[in-house]
Amino acid sequence: MPLYLTDDQAMLQETARSFMAEEGAIAKQLRHWRDRNCKDGFGHGLWKQFAELGFNGILVDEADGGLGLGHVEAGIVLEEIGRNLTPSPFLVSAVAFVEALKGTAARERWYPGIIAGDTVAALALDEGAKHRPDAIEMRAERSGNGFSLSGRKQFVVQGASADVTLVAAQTDEGLTLFAVEKDALGLDVEGVRLADSSIGARLTFADVQVDADAVIGEVGGGAEILDRALNAGRTGAAAELVGVGAASMDMTVDYLKQRKQFGRLIGEFQALQFRAAHLYSELEIARAATLKAQQLLDEGSPDAEAMVSVAKAKAGRTSQLAVQEGVQMHGGIGMTDEYDIGLYMKRDRVLNELFGDPSYHADKLARMKGY
Amino acid sequence: MTDLESFRSETRAWLEANCPPEMREPMRDEGDACWGGRNPTFSSPAQKQWMDAMAARGWTVPDWPADYGGGGLGPAETKIVRQEMARINARNPLYSFGISMLGPALLKYGTEAQKLHYLPQIARGEIRWCQGYSEPGAGSDLASLQTKCEDKGDHWLVNGQKVWTSYADKADWIFCLVRTDPAAPKHHGISFLLFDMASPGVSTKPILLISGYSPFCETFFDDVQVPKDQLVGTLNKGWDVAKYLLGHEREMISGMGLGGQGGALGEALSEVLADDPVLRADVARFDVDQLAFRAMSEKFIDELKVGKAHSAQPSMMKYAGTELNKARHELVMAAGGSDALEWESEQSRNGKAAREWLRTKANSIEGGTSEIQLGIVAKRILELPGA
């Protein structure tokens with residue numbers, strides 16, 4: 001595959017770009033819900049609109065009612081989400097959760113609602129402040145014809161609004177994934193507003209009973225499914241980060257062409273030009289790495305996982321650079337809530353942490369490469 | 001099987017039969033690079049055999065038209081040839097500024113007679129070219145060059161001096177920027193001239209560098225007579241040719257940052273890194289950058305082939321690729337410790353690590369400094385004012 005979008009993909013990009021700039025705009029979504037102190041942090045109406053455009057079924061096979069497309073297409077939507085800071089369950093529900101359920105019996109239960117924009121799904125993985133999916137300690141003990149879950153999870157994005165949450169826990173057979181419904185007895189959900197005004201959740205499981213059919217895939221077969229879901233989620237997060245970084249850069253470069261000091265446009269100053277050009281270069285590289293990871297995942301390549309870590313780390317570091325340069329080059333107004341650039345800085349921070357930060361992925365890459 | 005699949009299997013079989021095993025080993029040093037020329041030096045018979053076999057098939061320049069000595073292949077087939085060569089770690093059969101720099105400029109700006117004369121010689125490695133661009137007073141500000149070229153009716157007369165001329169002492173011909181109209185604004189009085197380095201009045205003097213090598217020369221022109229038909233493009237419009245060629249030069253130099261084939265840097269350094277967590281972290285971050293840049297290179301080449309790349313994108317590639325290459329060699333030196341400091345010893349293969357490290361410092365200077373590239377990106381891509 002050449003590393004650029006096909007004609008069909010370019011068309012999808014146009015659709016997603018104009019839709020998100022219009023319906024997903026910061027004033028219409030992010031600020032709107034934030035300023036109303038919305039408990040979900042996003043609009044269910046927009047989630048339905050996503051469904052009408054077919055976005056929610058991008059990664060679902062046609063036989064299961066989806067579009068049967070791939071990670072490149074999901075990434076196209078996510079880059080536009082990133083550009084507009086559009087709050088939605090798309091990344092966790094329609095990308096990571098959908099990917100986890102691929103080929104499992106659970107998909108029949110949950111895909112239709114996600115495709116229709118009626119269902120929100122979340123992932124409960126992290127147990128501490130950092131992403132450590134190899135060190136999950138939460139237990140699921142055999143009980144009756146199912147399991148009893150006890151433990152804590154945090155940073156469950158959309159966890160406060162989720163109809164169903166994928167929960168990773170240890171059984172005697174090894175890591176196992178469960179689909180836990182929102183009204184499960186013994187499940188306490190504490191919604192927490194995060195820095196970017198999205199809602200995460202802390203979940204406490206006190207002897208939560210689930211049936212055997214809540215198991216996603218096989219008992220003890222959770223690690224492989226989780227890898228698949230995380231590859232999708234990380235690549236998706238990388239695409240969203242590219243969008244966050246690109247919009248921050250565009251906004252900043254525009255500002256350099258408008259703001260005058262010392263009788264000149266500040267964009268004439270070489271000190272700022274070089275930094276802007278360096279940022280452009282980094283963003284191009286991050287976008288290429290992300291597209292490469294998406295294509296390798298779509299091809300089912302054994303090289304995909306290493307490239308996913310490269311993409312998540314590179315996109316994360318680059319977006320970080322973009323928002324930091326953005327706030328700095330905007331000067332005082334960059335510090336105000338009224339200007340959007342600060343909102344990008346907050347979103348960048350959350351996305352960088354989600355599914356592993358750049359240090360986590362640089363380390364993971366090193367281990368995969370044998371050092 | 002599709003046409004491309006059968007082309008791939010034919011290519012694979014031909015390479016298998018024609019690429020000598022020695023030419024699939026990594027190069028030991030610069031001496032293993034084959035440059036061709038009127039008086040070529042080959043480090044082994046296999047090197048000559050490999051260059052001749054590839055040249056006969058037109059595959060030293062697979063995408064040039066067959067009439068000009070190329071393979072006449074389209075973008076997809078050219079990519080397959082490169083992929084199949086990489087698959088068996090085949091060495092580049094011919095290093096050539098004629099291929100990477102002059103050829104593309106001649107294809108775009110040369111007359112039919114010039115193309116038919118010069119391009120096949122380049123493709124076959126018969127003439128080794130050097131580039132006469134920089135002058136003592138014209139470095140980053142290249143367009144201020146002063147080498148004088150006067151119209152003497154039946155010939156051009158060239159007087160002046162070039163500097164940083166790569167391998168001028170080994171080259172057969174030079175492509176050279178000269179001032180043909182001293183009265184015009186600096187970008188408008190330049191022409192692009194080709195001439196034989198054996199012409200009376202041409203002399204070269206190698207420059208000793210911090211690496212201990214002398215890849216560059218000072219080149220002097222003292223009343224050099226050049227035939228009239230050796231001017232490329234329009235008189236006084238040589239700057240257009242020069243800029244076009246620089247784009248190709250930047251592509252070539254940015255390619256050096258790929259670290260070529262091979263895997264992550266940390267793989268090669270794993271023993272040292274096991275005891276040095278801080279250096280390991282630095283190398284891991286470098287590998288993220290390196291592998292991401294490799295994807296960028298692939299994307300850039302793919303986009304270039306179908307005309308999707310921004311015309312100033314080579315500047316971005318050159319900037320990022322050369323900075324990365326410098327970072328790589330800083331890490332290699334750090335991991336090498338005192339072993340890597342040895343300058344003249346058997347164990348260090350005559351200071352290979354240290355000399356290569358120093359060589360990379362020129363990457364972000366030659367072909368336009370990093371700062372020049374950033375300025376071009378700021379002006380032409382970001383469209384920032386007054387840049």
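View 1. Thr165(A) sits opposite Val180(A), a residue of S5(A). That pair belongs to a predicted model, in which local features need pLDDT of at least 70, side-chain atom pairs count only at pLDDT 80 or more, and totals for chains, interfaces and linings use all residues. Residues are numbered from 1 along each chain as its sequence is written, while chains are lettered from A and ligands numbered from 1 in the order in which they are written. Strand S4 (residues 164-171) of chain A runs antiparallel to S5(A), and eight bridges join the two. Strands here are DSSP runs of E with at least two residues, helices are DSSP runs of H or I with at least four, and both are numbered from the N terminus. Two strands pair if DSSP finds at least two bridges between them. To get from S4(A) to S5(A), the chain makes a hairpin through two residues. S5(A) also pairs with strand S8 (residues 215-216) of chain A, again in the antiparallel sense, over two bridges. Look there for Phe178(A), whose bridge partner in S8(A) is Val215(A). Six of the eight residues of S5(A) are buried, so the strand is largely enclosed by the rest of the structure. Buried means that 20 or more other C-beta atoms lie within 10 Å of a residue's own, exposed means 12 or fewer, and partly exposed is in between, with C-beta atoms placed from the backbone.

**View 2. The loop that holds Asp183(A).** Follow the chain on from strand S5 (174-181) of chain A, and Asp183(A) turns up in the loop between S5 and strand S6 (187-193). Asp183(A) is exposed, because it has 7 other C-beta atoms within 10 Å. Gln170(A) lies 13 residues away along the chain, and 22 Å separate the C-alpha atoms of Gln170(A) and Asp183(A).

**View 3. Two covered helices of chain A.** Helix H4 (residues 71-84) of chain A has 14 residues and reaches 20 Å from its first C-alpha to its last, close to the 20 Å expected at 1.5 Å a residue. That expected span is 1.5 Å times one less than the number of residues in the helix. With 14 of its 14 residues buried, H4(A) is largely enclosed by the rest of the structure. Helix H5 (residues 90-101) of chain A has 12 residues and covers 15 Å from first C-alpha to last, close to the expected 16 Å. H5(A) is mostly covered too, with 12 of its 12 residues buried. Among these buried residues are Phe90(A), Phe97(A) and Glu99(A). Just after H5(A), Gly103(A) has a positive phi of about 75°.

View 4. Chain A splits into domain 1 (7-119), domain 2 (124-220) and domain 3 (223-368), with bounds that come from an automatic or database domain assignment. Taken over C-alpha atoms, the centres of domain 2 and domain 3 of chain A are 30 Å apart. Their contact takes 13 residues from domain 2 and 12 residues from domain 3. Two residues are in contact if their C-beta atoms, placed from the backbone, lie within 7 Å. S5(A) shows up again, giving three residues, the largest share of the domain 2 side that touches domain 3. That domain 2 side has eight nonpolar, four polar and one charged residue. Ala, Val, Leu, Ile, Met, Phe, Trp, Tyr, Cys and Pro count as nonpolar, Asp, Glu, Lys and Arg as charged, and the others, Gly among them, as polar.

**View 5. Chain B against chain A.** This contact takes 36 residues from chain B and 33 residues from chain A. On the chain B side, the elements giving two or more residues are helix H7 (265-268), helix H8 (270-273), helix H9 (277-305), helix H10 (313-336) and helix H12 (370-381). H9(B) gives the largest share of that side, 14 residues. Sorted by class, the side of chain B that touches chain A has 21 nonpolar, five polar and 10 charged residues.

**View 6. The two chains behind the close-ups.** Chain A has 11 helices and 10 strands, and 55% of its 371 residues count as buried. Chain B comes to 12 helices and eight strands, with 43% of its 387 residues buried.
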